[in-house]
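The following note sets out points for a colleague who is reading the coordinates alongside the sequence.

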Amino acid sequence: MTAKMPKLMGFISILAVLCMLCACSDGTVKYTNDYKEPDFFEQTQSGTVAENDAYILSWNAEEYSLSLVQKSTGQKWSTIPYDTANETVDGYARVNLHSPLTLWYVESGKNNLKSISAYQDCVNNGSITCEKIENGLRVTYYFMSLEISVSVDYELTADGFTASIPTDKITENQQRVYSISLLPYFVATKNAPDSYLFVPSGSGALIYTDTALRPVSSYSESVYGNDAAKAVNSKINSDYGCKLPVYGVHNAADNSGIFAVISSGAESAKIEATAADPDIGYSSAYATFILRGSTTVSVTEVRGSESLVEKYSDDISSIDKFTVRYFVMDSSADTSYNAMASLYRDYLLENGGLNNASQTADWYLNVLCGARIKKTFLGVPYYSTVSVTSLEEASEIVEKVSSIGNTAPIIKLSGFGDYGLDIGKIAGGFGVSNKFGDKKELAELEKKAEENADSLYFNFDVIRFGKSSSGFSTRTDAAKSANGTSAISGYYDVASNILRLDYGEYGFIMRSKLPNVIDKLLEKAEDLSMNGLALDSLSSVSYSDYSDSDYYVKGNMARDVSKIVTDIKSSKYKVAVSQANVYAAGIADCVLGTPQSSSGYDALDVDIPFYQMVFKGYVPIYSSELNLSANSRRTFLEALKSGQGLGFSVNDSYSSNLMTGANSALAAGVFDDIFDEMKGYIEESADFLERVRNVGITEYKVLSDTLSKTVFENGTVVYVNLGMSDEQTPLGVLEKMSFIYGKE
Amino acid sequence: MKKNKNSVLQLRILRVSALIIMLSFLMPSVFYVSAQSAYTDVPYQSYTYQTGYNTKKTISIKPVYEAVSNLTGEKVGVGAFTNVNYVFSTDDSIYILDSGNSRIIVLDKNYDLTYIISSLDFNNESIDFTGARGLYVNKEKTVYIADTDHSRVLAVDSDKKVIDVIETPDSDLLDEDFLFSPARIVEDDNNYLYVLSDGCYYGALIFSPEREFVGFYGANTVKSTVFTVIDNLVQSLFDSEAKRSSSVKKLPFQFADICVDQKSFIYTVSESTVRRLGPSGNNILNYQDNYSFSSAENLVFGDDLKVYNSSNKEVQQSFSAVSVKGNYIYTCDSLSGRIYMYDNACNLIFVFAGGMGEGNQLGTFVTPSSITNFGNDLLVADQVKNTVTVFRLTDYGNTLITANNLTLSGDYSESKEYWQEIYKKDKNCQLALSGLAKAALVEEDYDLALDYAKRGVDRITYSKAFSKSMSRWVTDNFLLVFGGALFLVAAICVLIIYSNKHSVTLIKNRSVVLGLTTPIHPFASLGEIKYKKLTNIPLATVLLILFYIGKVSESLNGGFMYTMDNNETFNSLLLIIGTVGLVLLGTMVNWGVCILFEGKGKMKEIYCAFCYCLIPQIIYSLMFVILSQFIVPSGTTFMTILNVVCIIYTVILLLCAVCVIHEFDFFKAMSTGIATILGMVLIGFVIFMVLTLCQNFVGFIVGIIREVTLR
């Protein structure tokens, strides 16, 4: 024993020293190609690099810029938004306007993020090479001071051109690329009255470029929302994110417009915009692609205080390329956001991203079943799920609402799993908990819904889980964060703003395991004779998983979810989604809950229902739950603006034990209490919604801050007044907070 | 065999106790309660706090106000604002102090531009008020500008002419180095002007209607505790002259904002306090909390917990603005950007807005500087964003305010329908439950009042309804009550007489009998236990567990009127330490101490004796749980006396136990008792230190592991 002790101690000491050495090393592991500067920066001569029937793509070797010329009109768009031949711009404006890329990088040896424009480090130095590719040009930008190079492929298309960043061509040494803003001043316009940028914040919004309207403003929002698996230490506000990967510009002076669609790698992008900067003179919208994931970790300092450190992933995303497709819009036609919506709808139809599902219901009911509450036994706390709507009570609700309005409603059942609305087992344990009723009562509910011609959907959370079950372990099957640990999230306290892990935490299913969860779900759905599945979380939440570089920075979320939804539909189930991103919304049978406004950023001037304009007439869309909004009348009118069906959230009863719980929705939806209000809204809108059912929107017009006009494909026009005074419209006097419709 | 059985039982009890303790440690890690707003169409949280329990919990509630627009200089049509320091409203106009541009923008009811006050003329001299931080407009439309940077107050008439300039007062009340930096102004109905000067902690400067300096008004005071007084005393005794002169003197907070209500009362805010000042400058704001009506001087307004920004840094409370309309007080926190709405009884109605110093969405702020009511709108100026945000009362908010106004004025029945409307829309509204309880009380529907009051945690209304309900019940069932009481007394008498006559023995085990009769005959019982070796550890352990259960029941199962804990806030771990832990520690320490004093007691004798002495406490818990269901808090004195009697009795029993078990005289028992208490404190301190060290060590190891993982 004593003889072995020194050996053991020696071994432990060596192990400790190795650990220390590991901790002290800079730990950089490189996965990208090594930076290597060419001996000679080979240039292409100025001139045409590609041409088709409609456009010419040409390269300017003096300015290192690309331009696109429409043959029929001679109209020209350039990566530098002004005419360099006749105008001169210097200083800060030149750095911005002449820069085809802006690079954010992680400083070597530190964890700081810093930015540099391609103009500063490439254009100025001439450290750019060109290489001809099919239908275009590959331009490689060498950031010599950083030893980073980024290639961009510019390719001519039938309706514009695409710009792509092939990830395998990115090279780096010590400094590591974090994100790249692509062509920051291509989707741009001179600051002027009536010109605007379109950004897809929430339902959609416009940013006017008039410097007299407000000071310079900046906007940035993640495409498909923030990374749900990236825990933030404190949550101080909420936003909708960008549900659609698009942006655009409308120039009122010459009626020109550019519409951009992020066609590859949208999940990893942010849409950014800068408007009315008098020092630059131009306003622009652009996409910034994030290549490296990160996670914020709390580190204990020597004195015991906690500090936050951002940990970046070693590898970059394995997505082949990040691509933005630019559509230049014919200045002789409509180039407003209405045309952009139409263009995007066509794009989705062409690429299989939009179905043509028929709408049969004018409203929907989200029936909430239960939630968890804390109890104690002899002072020892435990949790128990309390039922607020049993299956039997749900059947009664279905019966009671059957006579309201012109159509039967869609019924969505939520929170019927073991933990109710709280997050516990994956997909709520893949079934209906016996706390809410048995199989017989479930069958009764399904029968009742069928008799009343209601569509019945069961809402399953297939991505978040806080408890191992059904073969999915929170330890081994949870998505990883950028530092390799399991990605954890939870509830944020509304007052302190901090994540309260002591209140319960949950992880996200490993992205590669998502198909397994869906297989299991389909198996159980068949057992329970379900016809409709609601996938609220899957359709609205996007998240990373750093266990596989395919899923870095939310990578391939659109691809995976589209495939899942398609597979479920091909298994003869109907799919409902909520607050859904385009990849799920376009191919679902209905969207139960759409964003009713933008995220309300100060930079945004006017909200527009762009999201609704894209889907209306193709996918049945419904408003968010009226009784859960701050102002239900406003939400009702917002819904009617775009002819959406109405949504309500109900539960049969309420327990005051739920007061301080996580689900405040339960407090505002007791069925008997909201029945009259619900009925009132449904009946008030029934005739109008019948008239515009399955009809698309041709035009939406903002007439004033509070008055709007929407024209539907069948000629129906609706005016909505959200103001506090009456308005005169061609259809008659429109009272405050009301709507009027007809044909003009 | 019996011993064997006992040891098995002991082992089982130990295992169960260990399991319970482990569970108590583990359970907090799976607590699953929080609040997230369902109202996602506003970018910020809207919440209030559940009141009535010892620990506050947040509740998401339906928004009372919603942000509808941001007014900017460009939108108003006057060019960009620079430093919007103040916004003020009269019945028909809004005055925006665009301080950086030395102008005041006047808007009408529709937020359209009426006129601009920019170039001021005084004695043919152009006056600039860049840097001004406050303004006030009186009924005669005279505009008072707190021209901070120029150390003066300007009075401007409706023709935009400067009619008066108030400069640094010449008064003995002011220090020679007093710097007059007016930041806020109000005027009361008697035309007295109240001026807040930046850096002045004496209170507001009052100027007479003739604009002569009268004195100071309503200064804050430095709050001191016994500890701060002792600390100051110690410092004054031991600190050197140099150290004393270099130490920072605690000064009261200066007022951040001031406003005047319809009754000409002055309101002030500073840090986390709101004050309504009486004629003598004292705080006349009151609030009611758990049966007691007290001054709001020590009430912490705002969030009484740590609040964090997006960088995980704590955001301190710092009120920057106050506005009063009708029965409601609105305060705004400059650092968190949150707006707190209270009624005049200091009930927190609603918290909304926010931004934590980085708000870039509608309804969130960077540095809100001023707040004012304008009709049904609430206007908030942000001096960094240079905006005035318009919040509008929602339909829900309108109904809530109507209902609460009726309740505050005592029109409970009239408020009922409004509260019902509110309760239909938001079951989390405690005010609605309380309002409905009051309405049911005046309508003499006591059962309903009790139900609403209990759900709304309104103990005052509950106790009133309970008294009425009990009186009614007793009146209705007097014969039954009287007859029942007589029967009960008679039955007890018969039972006692019968048991004495026939020597009825309910319990045959002598050790159990001795244990249970210890409180009645302590010396005899404990003596017999010691000398006949009749200790009964299972009985003692059962009593100890009953003691714990009793204390749990006191906290959770007592009458609603007395129970200040609920499942959300109750901490069973602390209670285990405070009951079981204390007894075990006391046993060990007493054994150790008494050995030094030649005590004869053995560990198991001490343990048993101590546990037997807990019987009065168990009885008290039982009585509390039963009596608290029936006795209204006005009879709380009886409960307190009962508690004190039981405690004293328990202490006496413990002393008796020490005397008998260790064969001490009374004085020796007293001294060893004191030594035991000191020993317990010492061991408690050592345990605390060891746990802290362990925590630090674990933290160090976790830190290293994390560092290795992150690299």
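A residue is called buried when its relative accessible area is under 20%, exposed when that area is over 50%, and partly exposed in between. By this rule B:Arg510, at 42% relative accessibility, counts as partly exposed.

1. Confidence. The model is predicted. Chain A has an average pLDDT of 91, and 94% of the residues score at least 70. An exception to bear in mind is the stretch of residues 21–30 of chain A, over which pLDDT stays under 50.

2. Extent of the interface. The size of an interface is often given as the accessible area lost when the parts come together. Between chain A and chain B about 6800 Å² is buried, and carbon and sulfur atoms give 53% of that area. A:Val494, A:Met659 and A:Thr660 together supply 11% of the area that chain A buries against chain B, more than any other three residues. The contact involves 76 residues from chain A and 79 residues from chain B.

3. Polar and charged pairs across the interface. There are 21 residue pairs in polar contact across the interface of chain A and chain B, with both residues at pLDDT 80 or more. The count of salt bridges between chain A and chain B is three. In a salt bridge between A:Asp602 and B:Lys385, the side chains meet at 2.7 Å, N to O.

4. Composition of the chain A side. Several elements of chain A each supply at least two residues of the side that touches chain B, among them the helices α1 (4–24), α12 (632–641) and α13 (671–691). Strands also contribute in this way, including β21 (294–300), β22 (306–312), β25 (370–377) and β26 (380–387). The residues of this side of chain A divide into 37 nonpolar, 26 polar and 13 charged.

5. Salt bridges within chain A. Over all chains, a search of the whole structure finds 44 salt bridges. One of the pairs in chain A is A:Arg559 with A:Asp560, whose closest N and O atoms are 2.9 Å apart. A:Arg559 is partly exposed, at a relative accessible area of 43%, whereas A:Asp560 is buried at 14% relative accessibility. A further pair is A:Glu744 with A:Lys709, with the closest N and O atoms 3.3 Å apart. Because A:Glu744 lies in the segment after β43 (738–743) and A:Lys709 in strand β39 (residues 707–712), this pair ties together parts of chain A that are 35 residues apart in sequence. A:Glu744 is exposed, with a relative accessible area of 52%, while A:Lys709 is buried, with 16%.

6. B:Glu528 and B:Arg510 form a salt bridge in which the closest N and O atoms are 2.9 Å apart. B:Glu528 belongs to helix α12 (residues 522–531) of chain B and B:Arg510 to helix α11 (residues 510–516) of chain B, so the pair ties together parts that are 18 residues apart in sequence. B:Glu528 counts as buried, at 18% relative accessibility. In chain A, salt bridges that share partners join A:Glu107, A:Lys110 and A:Lys114 into one network.

7. A:Arg292. Which backbone oxygen does the side chain of A:Arg292 reach at 2.7 Å? It is that of A:Asp314. A:Arg292 is found in the loop between β20 (282–290) and β21 of chain A and counts as buried, at 1% relative accessibility. Beyond its neighbours within four places in sequence, A:Arg292 is in contact with residues including A:Glu172, A:Arg176, A:Tyr178, A:Tyr312 and A:Val553.

8. A:Thr288. Strand β20 of chain A contains A:Thr288. Is A:Thr288 buried or exposed? A:Thr288 is buried, with a relative accessible area of 1%. The side chains of A:Thr288 and A:Glu272 make a polar contact at 2.4 Å. Leaving aside neighbours within four places in sequence, A:Thr288 is in contact with several residues, among them A:Ser179, A:Ile180, A:Ser181, A:Ser268 and A:Lys270.

Definitions and conventions. Residues numbered from 1 in each chain as written. Chains lettered and ligands numbered in written order. Heavy atoms only, no water. Salt bridge = Lys/Arg side-chain N within 4 Å of Asp/Glu carboxyl O. Buried < 20%, exposed > 50% of the residue type's maximum accessible area, 1.4 Å probe, protein only. Helix = DSSP H or I, 4+ residues; strand = E, 2+ residues; numbered from the N terminus. pLDDT = per-residue confidence, 0-100. Contact = heavy atoms within 4.5 Å. Buried area = accessible area lost by both parts, 1.4 Å probe. Polar contact = N/O pair within 3.5 Å; in protein donor to acceptor, adjacent residues only side chain to side chain. Nonpolar A, V, L, I, M, F, W, Y, C, P; charged D, E, K, R; others polar.
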